[in-house]
Amino acid sequence: MSIMNIFTQDAFSVMRLTDALREISYVPSLIGQMNLFQTVSIDTLDIAIEKDKAQNGILIQASPRGGPGQTFGKGKRSMRTLRIPHFQVDDAINADEVQQVRAFGEEVAVERLQAKIAERAAEASQFFALTEEYHRINILKAGKLMDADGSVLFDYFTEFGETPAAELDFDLDNATPAEGVFRKKCAGVIRQMASILDGIPYTGIMALCGDTFFDDLIAHKEVRDTYKGYADAANLRGAYINSGASGLHGAFDFGGITWANYRGGGSVGIDTNKCHLFPMGVPGLFRTVYGPADYIETVNTPGQRLYGKQWEMQNGKGVNLEFQMNALHYCTRPRVLIPGKRT
């Protein structure tokens, strides 16, 4: 049996290669580990999002008995259709890379090729994991789905007709802050978030912080004075010793907000002087939708997170590999994303 015949076996089907991708250990992704984005698989290429904009509270004027009452308009509904972006990595294994397995028969050849493909899949899966983290962190920072080159795929403030919140100045470089001023700012954030959500339940507020912002926050007199003399002081002392594998350099609670020092890398990260606040536990606030691959085998099937496929090169020179992800990440209420700065 020639070595190229093994590529027609079930071991190299789309299903098996996709399973191999799922078995790879992905690079750490804080936003993914937080389960902040609820995931769903669909069998189409587009999603439709309907929003019903209710009117603000209306005071009802007294009217005469038996006469006409006050009237008011109905809520306004809007529909947005978003197409799921396609992300693809192409690769190949040349015949020379597996030539020495021919003499050992089909079973060994299959094992060797599976190992080669697993190596390539491991590398590709890291690229996809990093891409997902990049997409999600940019949504938290700016309410936008950004492409790798920095261009905007979707601006969710525009899509949903909302206005970005003003950036808050926490004045952390002030050497002599007024007593209680920082706690008041935290209280202001909580009230602002509650007002924005307008009755929608949430479990807490998190602030992902850049390095300098977090350093100055821990050094802030009000924060340190609050923790002094309490058992919780250990939390502040240990704020820098969180496992780096978790995607954080450290975290602690203050003023009703969880402050976390985000560990970035490359093009994925937070400006050192900034923080980004958002609510936790809001049903359906952040979503990820996976669509099907553009293969005959996957038409009208629920989308998987990652796909892999192989096919023989012309003239038997090797095998082509392709890995892809069809994913849309979005925020249904981008107005809850509150940016902050150190000074």
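**A friendly note on this predicted model**

1. A word on how to read what follows. This is a predicted model, in which local features need pLDDT of at least 70 and side-chain atom pairs count only at pLDDT 80 or more, while totals for chains, interfaces and linings use all residues. Residues are numbered from 1 along each chain as its sequence is written, and side-chain values use heavy atoms, with hydrogens and water left out.

2. How confident is the predictor? The mean pLDDT of the protein is 83, and 78% of its residues reach 70 or more; pLDDT is the predictor's confidence in each residue, from 0 to 100. Over residues 101-106 the pLDDT is below 50, and this stretch has 8 contacts in the model beyond near neighbours in sequence. A contact means heavy atoms within 4.5 Å. Where pLDDT is low, the predicted coordinates should not be read in detail.

3. Now the overall picture. The protein has 8 helices and 15 strands; helices (H or I, at least four residues) and strands (E, at least two) are DSSP runs, numbered from the N terminus. Of the 343 residues, 41% are buried, where buried means under 20% relative accessible area, exposed over 50%, and partly exposed in between (1.4 Å probe, protein chains only). Among contacts between residues at least 6 apart in sequence, 76% join residues at least 24 apart.

4. Which residues of helix 5 are buried? They are Phe-182, Cys-186, Val-189, Met-193, Ile-196 and Leu-197. Seen down the axis of helix 5, these buried residues fall within an arc of 95 degrees, so they line one face of the helix. The arc is that of the directions from the helix axis to the C-beta atoms. An α-helix has 3.6 residues a turn, so residues three or four places apart point the same way. On the other side of helix 5, Lys-184, Arg-191 and Ser-195 are exposed.

5. Asp-198 follows helix 5 and lies in the loop between helix 5 and strand 8 (204-209). Its phi is near 50 degrees, a positive value in a residue other than glycine, and at 64% relative accessibility Asp-198 counts as exposed. Asn-300, in the loop between strand 12 (286-290) and strand 13 (307-312), has a positive phi near 60 degrees. Asn-300 counts as exposed at 59% relative accessibility.

6. Strand 15 (residues 338-341) pairs with strand 7 (residues 168-169) in the parallel sense over 2 bridges, and Asp-169 stands opposite Lys-341. Strand 11 (residues 274-280) runs antiparallel to strand 15, joined by 4 bridges, with His-276 opposite Pro-339. Two strands pair if DSSP finds at least two bridges between them.

7. Finally, find Thr-176 in the loop between strand 7 and helix 5. Thr-176 is exposed, with a relative accessible area of 68%. The C-alpha atoms of Thr-176 and His-220 are separated by 9.6 Å, though the two residues are 44 residues apart along the chain.
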